[in-house]
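Here's a quick tour for anyone meeting this structure for the first time.

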Amino acid sequence: MSEEKTIDRSEVENLLKRRFFYDQSFSIYGGVNGLYDYGPVGCAIKSNILNQWRRHFILEEQMLEIDCSILTPEVVLKASGHVDRFDDFMLKDTQTGECFRADHLIENHLEKLLEIKEISDEKKSEMKRILPQIGNMNAAGLDQLVKQYHIKAPNTNNDLSEPIAFNLMFSTTIGATGQVKGYFRPEAAQGMFVNFKRLLEFNQGRLPFAAAQIGNAFRNEISPRSGLLRVREFTVAEIEHFVDPMDKTHPKFETVADLEIQLYSANNQANGESTQLVRLGDAVRSNVINNETLAYFIGRIYLFFTKIGIDKTRIRFRQHMSNEMAHYASDCWDVECKISYGWIECGACADRSSYDLNQHIRFSGQRLTATRQLSTAKTILVSEKKINSKAIGQSFREDASKVMQYLQNLSEHDARSLHEKLQQAHEKIAIDDKEFIVTTAMFTVETTENIVQVEEFIPCVIEPTFGIGRILYTMLEHNFKVRSQDEQRKYFTLPPSIAPYKCAILPLSGNAEFKPFTKQISDLLTQAGISYKVDTSSSCIGKRYARCDEIAIPFAVTVDFDTSLQPPSIAFRELNSMKQIRVPIDEIVSVVQRLSTEQTTWTKISTMYPMFTEQQNRKVENEEKTVNRTLSETNKCKKVDEQGMALRFHRKRERRNALSDLSATSTNSSTAYHQHHNQLVDRIRQLEEEVVVPDFNRPQRSPVYSPFTPVTPCSNSSSYGLSTYPSSMNFPMNLISPNGPVPTQSNGLSTKILERAHEIPERFWINWQEKQMQNRIEQLESIKDKLTISNEPQKKRVNQLRRQCHVTPPQTASFTRMSSATTDSEASSPVTNNRSLFSFDQRSINKVNENNRNRLKTSLPMKQNSQSTLDRSRLTIFLPHSYTHLPEKTTIANKNARSITKSSAEKTNDIKQNSIQRIPSTNSVEDIAQIDTEFNLTLLVRENRDQTNPLLYSKMILNRTVEFQSLSSKKNPSK
């Protein structure tokens with residue numbers, strides 16, 4: 001019971017209003033007290049409660065459901081007693097005229113007095129004794145309490161009037177003439193009573209049977225309050241179980257006999273005792289509950305309330321005391337639930353005996369009876385009324401119809417009594433305060449004896465009733481929760497069968513790849529008839545989870561990046577525990593169906609599928625971040641020699657300044673460029689002779705340089721893939737990707753630059769090669785500074801090893817001195833002024849793909865200076881200054897060995913056996929350059945053919961070389 005004490009009612013009602021469970025009707029016009037509209041969530045919950053009610057009662061008990069008219073003629077409610085006795089007493093403020101319901105006002109006043117410590121225990125005991133009886137007091141009793149406890153108007157403290165009876169029914173007229181008076185029905189029961197005869201026939205004349213009806217009822221409350229608890233229009237669900245008054249046993253009572261329920265009997269109330277937990281079987285045997293059928297429905301009501309989520313520890317059944325029991329009822333129990341307003345009535349279960357059918361028989365003249373088969377035939381007396389309408393008409397003229405109606409409505413007992421009196425003398429009868437004298441000539445009763453095998457009787461009625469609005473509010477308040485981790489997150493934990501939506505579909509983001517999966521899941525749930533809500537808003541997934549929790553969605557289907565993995569699956573989240581499992585998409589319908597129909601539980605389902613903690617893609621990203629963070633922390637921990645760094649920076653700046661004059665030499669003149677280029681080459685050779693120490697344990701291979709290849713371990717490496725540069729020059733292969741953004745390395749070019757090579761002017765490549773040579777000079781001078789050896793024996797040993805293992809310095813082949821001479825063919829070239837100053841090999845001209853050349857020739861004309869598009873043709877060519885075969889057989893051999901990568905030792909033998917030479921080439925910018933840097937470089941085309949032919953790049957590894965071929969040879973075969 002401690003849980004409901006912590007509930008803040010204002011928080012519950014604010015959440016209900018904010019998420020539009022329900023709200024006051026016509027609020028934009030100021031609203032009307034006692035009228036409420038249900039929003040999407042409230043409407044869905046109410047519908048689910050009614051569906052559950054139908055399954056629990058109508059389907060399981062095989063009841064007959066009907067739907068009767070709301071507008072009811074006055075005569076029907078006159079027969080039921082509503083016109084005369086369906087009243088509440090009200091008190092008026094004598095100054096303002098404000099009205100209050102008398103019993104509620106007195107109850108509230110006494111409850112406040114009980115909280116005052118100064119009042120004696122004797123007076124408090126008296127007030128506690130009075131409280132249960134207030135609802136059944138007449139006007140005089142209520143007036144006495146108002147005066148005894150000096151009760152005033154609550155808002156103004158003015159005096160109150162005497163109690164006034166106020167009929168709670170909404171009256172109206174039926175038809176255009178207004179002569180037929182009617183009411184909006186105050187309950188749904190009367191429609192089932194007046195249709196009893198038809199229902200009995202439908203059930204083939206057999207008892208017992210039950211009729212059920214769901215619909216709206218109307219009561220003109222004096223002072224509606226407390227939200228859905230006291231309203232003027234409300235939904236009721238009522239059952240009328242017709243049973244033989246001589247046999248009120250129930251065949252299924254044993255199914256509920258062992259239920260322990262809190263009963264608050266009339267004796268407990270009279271003695272001031274609390275509720276008792278009693279087995280229903282014991283309550284029937286001790287006559288606390290009148291009969292088995294009544295007890296059976298009390299048990300069924302209890303099971304229904306607990307099934308829809310009402311806390312069983314806050315349910316009790318309170319028995320009506322003798323002073324509040326209806327005169328026709330043999331027993332009646334109210335179903336009360338404890339909420340923040342106190343104990344409120346959410347339903348009732350009453351034994352109404354045969355009162356209602358008797359009243360409708362009397363007012364309608366119809367025989368609303370059932371029959372039972374007799375074991376043996378018996379003789380009965382049958383009475384028949386004989387009314388002489390002619391004699392009545394002659395005697396009473398205009399009042400004849402009234403007298404005849406009165407005589408026809410007499411019960412069998414009253415008719416016999418009148419007959420006996422008429423045998424003695426004339427009898428006076430009073431109709432509408434007017435007396436009429438009846439004689440034997442006008443009215444007699446004839447009695448005959450009949451032998452019958454069946455016996456007629458008027459059934460008794462067991463009536464369970466439910467106020468759906470009160471049940472809904474009680475259920476919501478009992479299931480209101482606050483997250484312990486965050487007090488701002490409030491939510492409802494309704495059973496899946498009652499939840500407004502069975503699940504929510506939440507794409508992790510607005511990513512387009514999620515849309516097909518979201519649609520697929522939506523279609524599957526729609527086809528299965530499962531209600532769901534899709535939330536594709538831009539809010540983070542946590543906020544969307546919180547929004548779903550607020551409207552009591554028990555499960556959430558999250559489409560994330562792992563959904564695209566095979567087989568497709570989703571993250572399936574449960575509201576209460578917030579735990580998630582990974583469920584395949586093709587099984588999600590089955591899982592939601594079984595959970596929402598309570599065929600299984602979350603505990604069982606969570607053991608059938610793997611728990612979900614994080615996405616695999618996110619897990620990889622987190623691992624990479626962890627590795628990077630570790631590396632960063634490691635680098636920070638390294639000690640840096642600040643003096644050494646300063647010295648190296650100073651020397652580098654001096655060398656750069658010394659070379660700046662050479663770099664500034666104009667390249668418009670070929671001779672000036674040749675001189676500048678040769679100066680750099682000579683300096684490189686000089687430094688390499690002085691400082692380069694080969695790898696003494698492995699044969700060396702000359703690295704390959706090109707103005708279009710980045711300096712990488714594959715283009716400057718030994719046969720074992722180890723760089724001949726200091727270790728600081730290496731960088732990981734996985735940093736280079738043909739499609740990824742790779743930063744430009746200090747001594748090389750990124751793939752992004754290579755991909756845009758066709759957009760970069762020739763001047764860039766000239767400056768780039770100068771920079772490579774300048775960087776090489778700086779590296780060699782830096783190495784030279786570090787190789788200062790003061791120990792003479794050590795220096796001697798190094799020189800000996802150098803002579804034994806001497807090879808050509810690695811950079812000599814790459815940076816070659818250039819001749820300033822120009823051939824005749826170059827002088828006649830249309831692009832002589834724009835010629836390339838780099839050297840290329842022109843050997844394998846016949847290997848050019850004929851289809852590629854045709855495609856380049858026939859492509860659509862482009863605008864002048866337009867940029868190129870991608871062309872993925874593939875060629876096989878060799879780098880300049882690489883080892884190539886001069887004889888023709890070598891070329892053929894190379895064609896057959898394209899996919900073979902030889903070891904360094906095999907290459908050395910091949911060079912000796914076949915007299916392979918290094919040949920520097922002098923290709924112009926017209927040539928097609930196809931380069932292999934052991935990366936998947938994209939084929940690029942420079943399409944401005946008026947100035948230069950396309951440059952083509954692609955990958956084909958052959959002895960770690962790349963071959964250059966010219967397209968111009970096709971135009972001029974002599975070349």
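Let's start with a pair of helices: α3 and α18 are roughly perpendicular to each other, because the angle between them is about 110 degrees and anything from 65 to 115 counts as roughly perpendicular. Keep in mind that this is a predicted model. Helix α3 covers residues 40-61 and helix α18 covers residues 468-478, and their axes run 11 Å apart. Who does the touching? On the α3 side you'll find G42, I45, K46, I49 and L50, while α18 brings I468, L472, M475 and L476.

Now for the rings. A search of the whole structure turns up 24 aromatic pairs. One of them joins F514 and F561, edge-to-face, with 5.0 Å from centre to centre and 65 degrees between the planes. The two partners are 47 residues apart and link distant parts of the chain: F514 sits in the loop between β24 (503-507) and α19 (515-527), and F561 in the loop between β26 (555-559) and β27 (569-574). F514 counts as buried, at 2% relative accessibility, whereas F561 is partly exposed at 26%.

Elsewhere, W53, F57, F304, F305 and F466 gather into one aromatic cluster.

Finally, a couple of arginines are placed over rings:

| Arginine | Ring | Distance to ring centre |
|---|---|---|
| R372 | F457 | 4.1 Å |
| R573 | Y545 | 4.3 Å |

Terms used:
Residues are numbered from 1 along each chain as its sequence is written. This is a predicted model: local features need pLDDT of at least 70, side-chain atom pairs count only at pLDDT 80 or more; totals for chains, interfaces and linings use all residues. Side-chain values use heavy atoms; hydrogens and water are left out. Rings of Phe, Tyr and Trp (its six-membered ring) pair if their centres lie within 6.5 Å; planes under 30 degrees apart count as stacked, over 60 as edge-to-face and the rest as tilted. Helices (H or I, at least four residues) and strands (E, at least two) are DSSP runs, numbered from the N terminus. Buried means under 20% relative accessible area, exposed over 50%, partly exposed in between (1.4 Å probe, protein chains only). A charge sits over a ring if NZ of Lys or CZ of Arg is within 6 Å of the ring centre and within 35 degrees of the ring normal. Axes are lines fitted to C-alpha atoms, for helices over the stretch in contact, and angles run from 0 to 180 degrees between N-to-C directions. Angles under 35 degrees count as roughly parallel, over 145 as roughly antiparallel, 65 to 115 as roughly perpendicular and the rest as oblique. Contact means heavy atoms within 4.5 Å.
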